[in-house]
Amino acid sequence: MKAKRLLASALALSMAFGAMSALAVTANAAGTTATITAIKADGTQTPCTDLGSAISTAGNGGTVEIGEGVVAISPNAGYSTSASVTIKGQGIGKTTIKPANVNDYISPLQNSEKSSSEYYNAKHLLEITASSFKLEDLTLDGTGVTGQREEESFLGITVKKAIDFVPLRLTGPTSGAEITLNKVAIKRTTGDTKGCIQIGTSSGSNSANVTASGLYITCNNGESNYADIEVCKNSSLTITEQGGFNGVIASRSAGSVTIPKADGYYSASIGLLNTYTFYTTIPYLLNCYENNTDRIAEYVELINKLEDDDTKILEKMASDLENTSLQLYGMNCNEQRELAQEFVDAINAIESMEGVSVTVDTTSLEEKLQQADWHTWGDVVEGIKECSVCHATEQVAPEPEVTTSTATVGEGTEDYDNTFATGFVTTIPSGAEVTSIQWEVTSPANDNTTKKTQVFDDLNLSNIDSELKLGLIINGLNDETATATAIINPAEVAE
């Protein structure tokens with residue numbers, strides 16, 4: 001199950017797929033051991049002490065239910081079953097599967113591992129081999145697994161090599177396994193320690209088709225050039241409902257990935273020894289840039305070749321960052337604003353380098369940064385508005401009180417002595433922003449009929465610095481009890 005590096009050089013052109021939704025979790029009590037219950041298809045429940053016995057006991061169509069807390073397992077825990085089983089926790093952040101001891105992954109390789117051409121990826125947290133399997137409502141926590149392992153080299157000289165660790169491996173007993181991930185979060189340590197999920201094997205045998213809904217990945221932020229999700233030959237990954245991550249999805253030429261198109265998602269293909277399709281987000285691309293400043297010319301040359309629907313990826317990112325409602329996983333609104341500024345600074349720095357060119361116009365984005373607050377504000381409640389994305393709050397100054405009073409009823413004279421008109425005076429206090437105005441007039445003397453005037457939108461009354469009085473005369477109205485209400489900026493109010 002050897003997983004080759006995506007790039008032969010140290011250049012981390014690690015592209016990532018990142019969703020835009022937020023992830024809310026509830027932390028479980030530290031050190032709490034979760035209960036494990038095998039539930040057969042007929043409803044029979046059996047308490048178990050480990051996942052292996054629970055999977056076996058649950059049988060075909062059964063469920064292994066894990067309570068809130070932690071299930072601690074040893075390295076390379078592998079579960080192979082011919083039954084269709086569901087492992088179900090109590091929710092992301094509530095049920096966690098993690099290593100019993102993170103240092104166990106640093107032990108020397110066994111002889112059998114050294115002699116195998118597949119030892120490259122010998123370390124993992126959980127491996128599932130099944131024709132049909134579901135994993136849902138839990139977290140796989142591979143954080144803390146870091147360091148170097150010993151490996152015997154030529155002439156008996158022992159060298160140390162970075163751990164090749166992946167929390168989850170999904171394979172079939174032969175080929176075409178159907179595996180479902182539903183509301184699963186996977187975390188791993190930063191550094192050059194491989195990815196989060198491997199689907200299938202590099203040879204194309206033991207392939208798997210994975211369908212994911214609400215998949216959340218916390219990876220190494222561009223420090224490695226491994227795929228955070230590697231879809232191997234003959235295998236596939238289909239994401240039906242967006243979760244969130246900033247990492248690498250890479251599919252080999254004979255593997256496939258299907259992801260919903262949306263702003264903030266980018267894909268492109270690049271030919272190495274094989275053809276790989278990458279999926280990337282802005283945060284991840286910037287992290288890759290920061291980790292490759294010493295080789296920026298090569299990095300930019302490769303990035304400039306990547307296109308998403310015939311649009312250069314960097315140009316598409318610049319355009320998307322102007323959309324301040326864009327939501328990126330793991331980032332609040334102000335962090336996204338900082339990200340946009342970081343993107344502009346990076347592009348400007350690249351363009352200033354000799355022999356390096358980028359066809360990205362950052363002027364409009366700079367202008368956008370100066371005027372946008374990047375929050376998505378909800379309704380004002382008791383003088384407070386709240387951002388629906390990051391839940392930041394802000395005090396809202398009360399609207400200036402606009403009053404309208406009935407002035408008089410005037411009767412015509414001479415040829416117009418049988419005509420009437422009713423006047424009103426609207427008082428607008430200083431500080432109000434007025435770009436248009438409309439009045440709504442109600443006449444009790446005419447069966448409480450209510451009518452609206454036209455919208456007067458050719459005003460230039462913004463930032464008035466003193467009290468302003470506007471007069472309104474309604475021809476033909478003879479009613480001293482009539483009232484009028486001024487509607488400020490009616491064109492901006494959805495009726």
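Me: Why is glutamate 467 called exposed?

Reply: The relative accessible area of glutamate 467 is 54%. A residue is exposed over 50%, buried under 20% and partly exposed in between (1.4 Å probe, protein chains only), so glutamate 467 counts as exposed. Bear in mind that this is a predicted model, in which local features need pLDDT of at least 70 and side-chain atom pairs count only at pLDDT 80 or more, while totals for chains, interfaces and linings use all residues. Residues are numbered from 1 along each chain as its sequence is written, and side-chain values use heavy atoms, with hydrogens and water left out.

Me: How do you know that lysine 469 and glutamate 467 form a salt bridge?

Reply: Their closest N and O atoms are 3.9 Å apart. A salt bridge needs a side-chain nitrogen of Lys or Arg within 4 Å of a carboxyl oxygen of Asp or Glu, so the pair qualifies. Lysine 469 is exposed as well, at 53%. In total, the structure holds 7 salt bridges.

Me: What makes the contact of glutamate 394 and lysine 385 a salt bridge?

Reply: The N to O value is 3.6 Å, which falls within the cut-off for a salt bridge. Glutamate 394 is partly exposed at 37%, whereas lysine 385 is buried at 17%.

Me: Which residue forms a salt bridge with aspartate 137, and why is aspartate 137 called buried?

Reply: The partner is lysine 88, with the closest N and O atoms 2.5 Å apart. Strands (E, at least two residues) and helices (H or I, at least four) are DSSP runs, numbered from the N terminus. Aspartate 137 has 13% relative accessibility, so it counts as buried; lysine 88, at 28%, is partly exposed. Lys88, Glu136 and Asp137 are linked in a network of salt bridges.

Me: Why are β27 and β31 called edge strands?

Reply: They belong to an open sheet of 3 strands in the order β27-β28-β31, with antiparallel pairing. β27 (403–411) and β31 (468–475) each pair on one side only. Neighbouring strands of this sheet are turned by 20 degrees against each other on average, direction ignored. The axes are lines fitted to C-alpha atoms (for helices over the stretch in contact), and angles run from 0 to 180 degrees between N-to-C directions. β28 (residues 420–428) and β31 share 8 bridges, and lysine 469 in β31 is the bridge partner of threonine 427.

Me: Why is the pair of tryptophan 439 and phenylalanine 456 called edge-to-face?

Reply: The centres are 6.0 Å apart, with 65 degrees between the planes. Rings of Phe, Tyr and Trp (its six-membered ring) pair if their centres lie within 6.5 Å; planes under 30 degrees apart count as stacked, over 60 as edge-to-face and the rest as tilted. The values meet both cut-offs, so the label is edge-to-face. Tryptophan 439 sits in strand β29 (residues 437–443), and phenylalanine 456 in the loop between β30 (449–452) and β31, 17 residues apart. Tryptophan 439 is buried at 4%, while phenylalanine 456 is partly exposed at 27%.

Me: Where does β29 stand in its sheet?

Reply: The order of this open sheet is β30-β29-β32, with antiparallel pairing. The edge strands are β30 and β32 (483–488). β29 and β32 are joined by 6 bridges, and valine 441 stands opposite alanine 484 in β32.

Definitions and conventions:
Pairing = 2+ DSSP bridges.
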